[in-house]
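Dear colleague,

Please read the notes alongside the coordinates.

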Amino acid sequence: MDSGKNEGSPAAAKARALFGKYVLQLSVGCGRSVCSNNLCATGGTKRSKAEAFVETVALMKEVGEEGLCPLVRDLETEREQERERERERERERERERLRKDAVSQREIRELLSICKATESYTPLVRRLGTVFCDMDILEYCFLREATETGEAE
């Protein structure tokens, strides 16, 4: 039976994040010296990770985010930060791949003059073939050209 919350859904991601924040708060604390939250290791009782796991399930159902200290509520867990850094690295690798594989008008003109001089259009056909076989590269080339010339899509 499907509960409507698959592992990749935004609701599941939010629940995992809340779970991690409660475990952190219950076992480590928020670190504020003035904390008076009895659901925080700093202001109340420090729990072991096992105790924090058990207590977290009940807290998520009973009080949701309301039991979190402000610092913990706004805190991105280390895992969330690492996932975001990895996504950014992946986006940068993709941008670099597109920049490397993209073809410019200047490159086309240079290839065309080489082809005319050698009376062989094979280099041009091969180069265009690599671009036209990859929709991402093709789109990147046209969007870049439109941006450089000031044209709108």
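**Helix α2 and the cysteines**

The buried residues of α2 pack against α1 (10-27), where contact means heavy atoms within 4.5 Å, and helices are DSSP runs of H or I with at least four residues, numbered from the N terminus. This is a predicted model, in which local features need pLDDT of at least 70 and side-chain atom pairs count only at pLDDT 80 or more, while totals for chains, interfaces and linings use all residues. Residues are numbered from 1 along each chain as its sequence is written, and side-chain values use heavy atoms, with hydrogens and water left out.

The residues of α2 that are buried (under 20% relative accessible area, with a 1.4 Å probe and protein chains only) are Ala-52, Thr-56 and Leu-59. An α-helix has 3.6 residues a turn, so residues three or four places apart point the same way.

Just after α2, Gly-64 takes a positive phi of about 55°.

As for the cysteines, the structure holds 0 disulfides, a disulfide being a pair of cysteine sulfur atoms within 2.5 Å. The sulfur of Cys-30 has its closest cysteine sulfur in Cys-35, at 3.7 Å, which is too far for a bond, and Cys-30 is buried at a relative accessible area of 14%. For Cys-35, which is buried at 11% relative accessibility, the closest cysteine sulfur is that of Cys-69, at 3.7 Å and again too far for a bond.

Best regards

Technical notes:
Buried means under 20% relative accessible area, exposed over 50%, partly exposed in between (1.4 Å probe, protein chains only). Helices (H or I, at least four residues) and strands (E, at least two) are DSSP runs, numbered from the N terminus.
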